[in-house]
Amino acid sequence: MSAEIIDGRACAARLKQAVALEAKDLRERGLPCALSTVMVGDDYSAAAYERRLRRAADELDIPYRRHALPRGAGQRQVTEAIADLNADPEVTGVLVLRPLPAGVREADVFRTLSPLKDIEAVNPENAGLLALGTPRYVPSTAASAFHLLDSWLDDAGEDRTAFYRRSLIVVVGRSNNVGKPLVSLAYHRQAAVESVDEWASRSATGLGPHLRRADVVIVAAGQAGLITGEHVKEGAVVIDVGINPVTDDATGRLRMVGDADFASVAARARAVSPVPGGVGPVTDIWLMRNTVAAARLLSGAAAAC
Ligand code: NAD
């Protein structure tokens, strides 16, 4: 089998058109809609993510504000910055970029974020709503992985509901921001779900016995080449969330690869999302979609006061 490539760029372009219309509608009605990121220090990946978000916001005409704190900022400075953004009526979505410095307790920062502006659902109230299957906002990476899969099923003429109900989805990686939301989204689609992490990898049998039964593998471990063709059942669908920098042997330059060894997985799978060009492009647009959704919620909340 030679897998179909699940095209994240095309999926992101379609989503972007829909979000652009929603953002335009808010502008025309004079309702505020703006994204603010909070970054502490100068982490390379956080800065790259910040630049991508600025670009996506610019392209959608969504105002973007960068809130940068020095590397030495402590708990109080970070929570004060969040309090300012909570109170700012022009800002509708707030994203706290990771990593935070060692001295800042992430969970305490997330707790202070206004649940209505918490577009990555990191505040316990929003994380709880997601776990209950009634999300206010779906975190962008997990949402994008499933949006990509849902869209591919639609394009393939598959009945989504029937597909999920008969499928075993194995999620590799169990972080609060990616793996756990993926698991929630999988079981709220009524799929059979297994969640595995590095401990399953380290066990005597490794990931193979879990993955070889899976109809869908979603991998978000941050380990280049973790999943190979021999792990994957013939005809499975593989969604690769991982983004790992590796040095290209030919050019000596850094390039990004996923957690799946693309060539060997594609030789057995029915469909696979590539890296780059899979989940990543959808994620940035999804965050804008959540910013627009937050603007709607906040304008409704303001009108009700
Ligand atoms: P994380 O480090 O917080 O969590 C990684 C998870 O994978 C943990 O549960 C860990 O136990 C598990 N894991 C690590 N090694 C493993 C192994 N050998 N076998 C099985 N499980 C293993 O990372 P994260 O924030 O969840 O991100 C995961 C990956 O997704 C990273 O590559 C990150 O860059 C990428 N990511 C992509 C997007 C996107 O838009 N595509 C967005 C966010 C994160």
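A contact here means heavy atoms within 4.5 Å. With that in place: among contacts in the protein between residues at least 6 apart in sequence, 70% join residues at least 24 apart.

Before the rest, the provenance. This is a predicted model, with local features needing pLDDT of at least 70 and side-chain atom pairs counting only at pLDDT 80 or more, while totals for chains, interfaces and linings use all residues. Numbering runs from 1 along each chain as its sequence is written, and side-chain values use heavy atoms, with hydrogens and water left out.

Overall, the protein has twelve helices and eleven strands; these are DSSP runs numbered from the N terminus, helices being H or I of at least four residues and strands E of at least two. Of the 305 residues, 48% count as buried, where buried means under 20% relative accessible area, exposed over 50% and partly exposed in between, with a 1.4 Å probe and protein chains only.

Now the ligand. Which residues are closest to the ligand? They are Arg174, Ser175, Glu198, Ser201 and Thr283, out of 22 that surround it; a residue counts as near if one of its heavy atoms lies within 4 Å. By type, that shell has eight nonpolar, eleven polar and three charged residues. Nonpolar covers Ala, Val, Leu, Ile, Met, Phe, Trp, Tyr, Cys and Pro, charged is Asp, Glu, Lys and Arg, and the others, Gly among them, are polar. Helix H12 (279–304) gives the most to the shell, three residues.

Next, polar contacts, which are pairs of N or O atoms within 3.5 Å; within protein, one must be able to donate a hydrogen and the other to accept it, and residues adjacent in sequence count only if both atoms are side-chain atoms. The Ser175 side chain places an N or O atom 2.5 Å from a ligand oxygen. For Asn177, a polar side-chain atom is 3.2 Å from an oxygen of the ligand.

Last, Ser273, in the loop between strand S11 (271–272) and H12. Is Ser273 buried or exposed? It counts as buried because its relative accessibility is 1%. A polar atom of the Ser273 side chain lies 2.9 Å from the backbone nitrogen of Asp240.
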